[in-house]
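Please look over the structure first, then read the points by topic.

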Amino acid sequence: MHQVWQVSTRARMVTLAFGPLAGLISWLRWADLLGACVVMLLAAPLAAFFAFYPAVILTDNELIVRNPGGQVRVPLAEIVNVEPGFWGLAITTTRSGPLLALAVAKSTLATRKDRNARADEVAASIMSAVRGRAEAN
């Protein structure tokens with residue numbers, strides 16, 4: 001088994017809009033076209049990194065959480081719970097505090113309306129793998 005979840009298409013589009021938006025805001029604020037272009041050129045790669053790098057990777061033995069700040073590998077045996085939230089999946093482990101996976105988040109609207117979202121399905125898949133691994137041992 002090998003499953004990979006990345007940032008959703010909608011979230012990628014919003015994130016990638018950050019570069020041009022930052023340039024536009026700086027141009028409107030300071031009326032400096034060259035400065036706005038510099039801001040846009042600096043913000044665009046950062047936005048692309050945040051849009052394409054984060055991922056949650058589930059393998060037979062571990063869960064790999066790839067966030068912009070780094071990568072964390074958690075053995076399935078150490079996962080206690082996975083809860084979807086606005087900022088991402090909150091993964092509770094036995095060895096440390098909660099770990100946040102930014103690649104998969106649940107919208108506030110889905111939470112308020114108690115709708116099942118992609119984040120709920122990912123959390124259920126991870127917990128299913130954890131239970132399956134525990135039963136195999």
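Which residues does V39 touch, not counting residues up to four places away in sequence? V39 touches A22, G23 and S26, where contact means heavy atoms within 4.5 Å. This is a predicted model, in which local features need pLDDT of at least 70, side-chain atom pairs count only at pLDDT 80 or more, and totals for chains, interfaces and linings use all residues. Residues are numbered from 1 along each chain as its sequence is written, and side-chain values use heavy atoms, with hydrogens and water left out.

**V39 and helix 3**

- V39 is found in helix 3, residues 33-52.
- Helices (H or I, at least four residues) and strands (E, at least two) are DSSP runs, numbered from the N terminus.
- V39 is partly exposed, with a relative accessible area of 31%.
- Buried means under 20% relative accessible area, exposed means over 50%, and partly exposed lies in between (1.4 Å probe, protein chains only).
- V39 and E62 are 23 residues apart along the chain, and their C-alpha atoms are separated by 39 Å.

**Strand pairing**

- Two strands count as paired if DSSP finds at least two bridges between them.
- Strand 1 (residues 3-6) pairs with strand 2 in the antiparallel sense, over four bridges.
- W5 has V56 of strand 2 as its bridge partner.
- Strand 2 (residues 55-58) also runs antiparallel to strand 3 (residues 62-67), joined by four bridges.
- Here I57 stands opposite I64 of strand 3.
- The hairpin from strand 2 to strand 3 goes through three residues.
- Strand 3 pairs in turn with strand 4 (residues 70-75), antiparallel and over six bridges.
- V65 has V72 of strand 4 as its bridge partner.
- The hairpin from strand 3 to strand 4 goes through two residues.
- From strand 2, A55 and I57 point one way and V56 and L58 the other way; all are buried.

**Nonpolar core**

- The largest nonpolar core has 23 residues, of which L63, I79, L89, I91 and I126 touch the most other members.
- Two or more residues of this core come from each of strand 2, strand 3, strand 5 (79-84), strand 6 (89-93), strand 7 (99-101) and helix 5.
- Helix 5 gives the largest share of this core, seven residues.
- A nonpolar core is a set of buried Ala, Val, Leu, Ile, Met, Phe, Trp, Tyr and Cys residues joined through side-chain atoms within 4.5 Å.
- In soluble globular proteins, nonpolar side chains tend to be buried together.
- L63 touches V56, I57, L58, V72, R73, V74, L76, I79, I91 and I126, not counting residues up to four places away in sequence.

- L76 sits in the loop between strand 4 and strand 5.
- L76 is buried, with a relative accessible area of 1%.
- Leaving out residues up to four places away in sequence, L76 touches L58, T59, D60, N61, E62, L63, A129, V130 and R133.
- L76 and I64 are twelve residues apart in sequence and 9.8 Å apart in space, C-alpha to C-alpha.
- T93 has its place in strand 6.
- T93 is buried too, with a relative accessible area of 7%.
- T93 touches V74, E78, I79 and V80, not counting residues up to four places away in sequence.

**Largest pocket**

- About 770 Å³ of space lies in the largest pocket.
- A pocket is an open set of points on a 1 Å grid over the protein atoms alone, where a 1.4 Å probe fits, with protein on both sides within 12 Å along at least five of seven lines; lining residues have an atom within 4 Å of a point.
- The lining has 20 residues, and S8, A11, F86, L102 and A105 lie nearest the centre of the pocket.
- Helix 1 (9-16) and helix 5 (118-136) each supply at least two lining residues.
- Helix 1 gives the largest share of the lining, four residues.
- By class, the lining has 14 nonpolar, three polar and three charged residues.
- Ala, Val, Leu, Ile, Met, Phe, Trp, Tyr, Cys and Pro count as nonpolar, Asp, Glu, Lys and Arg as charged, and the others, Gly among them, as polar.

**Backbone at D114**

- D114 lies in the loop between helix 4 (108-112) and helix 5.
- Phi of D114 is near 55°, a positive value in a residue other than glycine.
- Most residues other than glycine have a negative phi.
- D114 is exposed, with a relative accessible area of 68%.

Note on methods:
Grid points are joined across faces, edges and corners, and a volume is the space filled by probe spheres set on the points.
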